[in-house]
Amino acid sequence: MRNVSLSRVTEEVKRICMEASFNLDEEVVSAMSAAAKEEESPLGKEVLSQLVENAGIAAAEKMAMCQDTGIAVFFVEIGEEVSFEGKGLVDAINKGVAQGYEEGYLRHSVVAEPLRERKNTGDNTPAIIHFNIVPGDKFRIVMAAKGTGSENMAAFRTLTPGDGREGVKKFVVDAVKKAGANPCPPIVVGVGIGGNFERSAILAKKALFRSFKDRNPDPYYGDLEDELLRDINNLGIGPQGVGGRTTALAVHVEFAPCHIGSLPVSVNIDCHAHRHKEVVL
């Protein structure tokens with residue numbers, strides 16, 4: 001049995017909240033740099049170059065790369081052989097979020113209640129936290145700073161089994177087409193297929209956390225990812241909506257068992273500021 005200190009959890013959450021807004025992952029920067037070389041649109045090429053430059057400035061100056069520093073979303077994996085020193089894991093995570101957003105001078109974007117006063121909580125909490133119990137003695141936290149421009153373009157539909165693969169492809173591509181420039185492309189697209197209403201949405205969100213190198217290990221779904229990426233980039237939306245062939249950098253598909261009578265599909269989109277960080281304790 002391994003003991004994990006909740007004070008350590010708070011410190012690490014604080015750190016990754018700040019790093020997510022300052023330091024864009026190298027694979028994202030590399031993907032945009034490569035896309036800039038291949039982009040056919042001169043304006044699209046210029047926009048991609050500016051996005052790469054902006055990421056460099058953010059890292060050097062430790063300044064948020066985007067004014068919308070997002071709502072903090074976590075996927076937390078707790079090993080079955082892990083115990084905690086102290087009480088209140090959720091509180092420890094939220095404390096780290098509050099400290100990170102305060103010390104990093106990151107915008108507080110969470111309101112306490114959605115319809116009446118919409119009063120800001122003042123510290124960007126509470127975070128959205130998904131827990132999963134897994135074998136082993138590791139405690140893993142992956143975090144995304146999810147901006148509203150991309151999150152507002154999420155989509156869900158329950159298709160019929162008869163709609164099949166082509167129906168899924170049409171729904172996903174149409175969702176990206178409808179989103180247009182709103183999610184600040186080049187985007188990353190997460191697709192969740194199966195489960196039910198809420199399961200497909202969580203799958204789509206979780207798909208965004210995969211590395212660009214991680215093709216779905218099932219060849220059928222890996223091929224679907226390739227087809228969707230091709231069709232999305234053929235839309236011509238381009239970087240920041242100025243036109244071109246670089247609308248998406250990656251498409252990730254996750255799937256789960258579902259009821260015989262339904263085919264739930266969710267789409268979740270990340271902007272070019274693909275702000276994800278991870279820590280394993």
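## First sheet described

An open sheet is formed by 4 strands in the order S4-S2-S5-S10, with mixed pairing. Helices (H or I, at least four residues) and strands (E, at least two) are DSSP runs numbered from the N terminus, and two strands pair if DSSP finds at least two bridges between them. Strand S4 (128-134) and strand S10 (276-280) are at the edges; each has a single partner strand, so one side of each lacks a neighbour in the sheet. On average, neighbouring strands of this sheet are turned by 15 degrees against each other, direction ignored. Axes are lines fitted to C-alpha atoms, for helices over the stretch in contact, and angles run from 0 to 180 degrees between N-to-C directions.

Strand S5 (residues 139-146) runs antiparallel to S10 and is joined to S10 by 5 bridges. Met143 is the residue opposite Lys277 in S10. Helix H4 (residues 89-103) packs on this sheet, where it touches strand S2 (71-79), S4 and S5; contact means heavy atoms within 4.5 Å. The direction of H4 makes about 140 degrees with that of S2.

## Basis of the model

The model is predicted: local features need pLDDT of at least 70 and side-chain atom pairs count only at pLDDT 80 or more, while totals for chains, interfaces and linings use all residues. Residues are numbered from 1 along each chain as its sequence is written, and side-chain values use heavy atoms, with hydrogens and water left out.

## Sheet S6-S9-S7-S8

Another open sheet of 4 strands has the order S6-S9-S7-S8, and its pairing is mixed. Its edge strands are strand S6 (155-159) and strand S8 (248-258), each of which pairs on one side only. Neighbouring strands here are turned by 15 degrees against each other on average, direction ignored.

Within this sheet, strand S7 (residues 187-195) pairs with strand S9 (residues 263-270) in the antiparallel sense over 6 bridges. Gly192 stands opposite Ser266 in S9. Helix H7 (residues 197-207) lies across S6, S7, S8 and S9, and runs at about 150 degrees to S7.

## Cysteines

The whole structure contains 0 disulfides, a disulfide being a pair of cysteine sulfur atoms within 2.5 Å. For Cys271, the closest cysteine sulfur is that of Cys184, at 6.0 Å, which is too far for a bond.

Cys271 is buried, with a relative accessible area of 11%, whereas Cys258 is partly exposed at 36%. Buried means under 20% relative accessible area, exposed over 50%, and partly exposed in between (1.4 Å probe, protein chains only).
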